[in-house]
Number of protein chains: 2
Amino acid sequence: MILSEMNRDVVVVKFMELQDSICAAMELLNDPVKFREDLWTREAGGGGRTRILENGNLIERGGVNFAKVFGKLPASLALGGNDTDNESEHDFFATGLSIVLHPVNPFVPIIHMNIRYFESDSGRKWFGGGIDLTPHYIDTEEATIFHQSLKEICHKYNSSYYPKFKKWADDYFFIPHRNETRGIGGIFFDQLEFNNDQEFQSAFDFVCDLGKSFAPIYTRIVSRKKDLKFNEKNRLWQKLRRGRYVEFNLVYDRGTRFGLESGGRAESILMSLPPEASWVYNYSPEPTSVDEIFTLSFLRKGIDWINN
Amino acid sequence: MILSEMNRDVVVVKFMELQDSICAAMELLNDPVKFREDLWTREAGGGGRTRILENGNLIERGGVNFAKVFGKLPASLALGGNDTDNESEHDFFATGLSIVLHPVNPFVPIIHMNIRYFESDSGRKWFGGGIDLTPHYIDTEEATIFHQSLKEICHKYNSSYYPKFKKWADDYFFIPHRNETRGIGGIFFDQLEFNNDQEFQSAFDFVCDLGKSFAPIYTRIVSRKKDLKFNEKNRLWQKLRRGRYVEFNLVYDRGTRFGLESGGRAESILMSLPPEASWVYNYSPEPTSVDEIFTLSFLRKGIDWINN
């Protein structure tokens, strides 16, 4: 079955434009360090435009990656794991923009955003996305600003979106073997389907609005913290929290696993991994490390960051 | 169905004795730093004796862990993923000894060993195991010594073991998304079943022989390298190779995934992760970094390390 090409190009072009504008904004924060760009092609169909920034003033390592991949996949991958018929292969089309930024300063949070568009050969088409914040040190005021910004975008489209997608993020960005959330969450959604042009436009506008909000949201958060002094103790804590980020991404993150299993470009997918991470056996902050203890106490689901 | 307890106790006691003797030998190499011991219980049945050594002279971080776990598991886990009937639960019993040591000196290789015994309520019982070496810098002479030692142990039991289990290790300790092996391999085997007391004894003796060989094999390897001087460049390379170790363990290692999914103790399972790891985008050694380039050229399957 040949997949319809309707809408694909418009999504691809918009995602690439968003990549350009986000990279420009992030370069302003890292002046004079620029993103390095690598174009790559996927043997089985498609390719991408990987942009990585390392050793910037603000960002120690991060990526703003665009990809467009298509071809045939086992049903288990093509349909998002909802099909047990692993034998047959299905045509699929997927395009997305993925961002992870690991800052130098432990007081500046790690941020992640992904927006994606998917088509399967059964005729299903959908958008997905997510944006979440992983502070090494939780600051409830920052968390409120972040969640309030996301809620405002969601409410322009559907009043059910923020509560539903906030809960989804709590459940998704969760590390079961640690019984802790990755950070303070945000929003996450998948399989946002549409049945006509109007619904497509609304879903697409929502996803683009999220993309456009990324740079101002992160710039605002960064500006509050980037000049704070930090010491070796803060730096060790940052590396330990980055270790948890690695655990989440390699063990649970569906985008990472989909990418690696579908023959994606490893260096592009694994831009989400930090420049340096540490593991210390059974690490527990000292009783006097109040900021670290405070942070751990907030790594749980169901916190209402806006009204608290 | 109540599982037979025949043989279990004898395996458990032997694995704990091996843990004791291996820890004693490793402490000699790290004098005066000792292992820290934590006893833990698993809510659904069983527990373990975790022993971790950090910041030793030789070992920067490593564990020698014993565990005995039993109870009910989804069929997919209890039967090693060979059953598609995920709905039903099955009784199982598993006990094992797992070792991973990350040395301080980049010229000393990372080593891993695991021996395990498993019973399912279908009446199946088997041993499994593996030992493999991950040098940050490959030394073919060291590789020959290592593989020759393993071959000698294997040949005491069955002349088919070494070729079969060496190939199995090449296939198992492989990182598909990097298209490279984790290191120089070793041996790996699973579901070594037995049908009578004599076969049990032979399989058990083989596994114990492997366990007993661990300390002398690693002590010999270490003694050749532990006093070599290293610099910052060697240390960065070590952290990058440790990053690959993290990728293998969290994405592919069945023991790690089984442990995390079956509600094992995360800090015990994740002792395999290094104290510090790094990721640098698309890192490639400079043309003058001959030792690093040499190492990369040997990270592939099918190398005959003994006759080369």
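1. The radius of gyration is taken here over C-alpha atoms, and the globule rule is 2.2 Å times the number of residues to the power 0.38. For the 308 residues of chain A in this predicted model, a compact globule would have a radius of gyration near 19 Å, and chain A agrees, with 19 Å. Along its principal axes, the C-alpha trace of chain A spans about 65 × 40 × 40 Å.

2. Chain A contains 9 helices and 10 strands. Of its 308 residues, 45% count as buried. Among the contacts in chain A with a separation of 6 or more, 67% are made by residues 24 or more positions apart.

3. In chain B, helix 1 (residues 8-30) packs with helix 5 (residues 197-225) at an angle of about 5 degrees, and their axes are 10 Å apart. Angles under 35 degrees count as roughly parallel, so helix 1 of chain B is roughly parallel to helix 5 of chain B.

4. Helix 1 of chain B brings V11(B), K14(B), L18(B), S21(B), I22(B), A25(B) and L29(B) to this contact; helix 5 of chain B meets them with F204(B), C208(B), G211(B), K212(B), F214(B), A215(B), T219(B) and V222(B). By class, the contact has 10 nonpolar, 3 polar and 2 charged residues.

Technical notes: Residues are numbered from 1 along each chain as its sequence is written. Chains are lettered from A and ligands numbered from 1 in the order in which they are written. This is a predicted model: local features need pLDDT of at least 70, side-chain atom pairs count only at pLDDT 80 or more; totals for chains, interfaces and linings use all residues. Axes are lines fitted to C-alpha atoms, for helices over the stretch in contact, and angles run from 0 to 180 degrees between N-to-C directions. Helices (H or I, at least four residues) and strands (E, at least two) are DSSP runs, numbered from the N terminus. Angles under 35 degrees count as roughly parallel, over 145 as roughly antiparallel, 65 to 115 as roughly perpendicular and the rest as oblique. Two residues are in contact if their C-beta atoms, placed from the backbone, lie within 7 Å. Ala, Val, Leu, Ile, Met, Phe, Trp, Tyr, Cys and Pro count as nonpolar, Asp, Glu, Lys and Arg as charged, and the others, Gly among them, as polar. A residue is buried if 20 or more other C-beta atoms lie within 10 Å of its own, exposed if 12 or fewer, and partly exposed in between; C-beta atoms are placed from the backbone.
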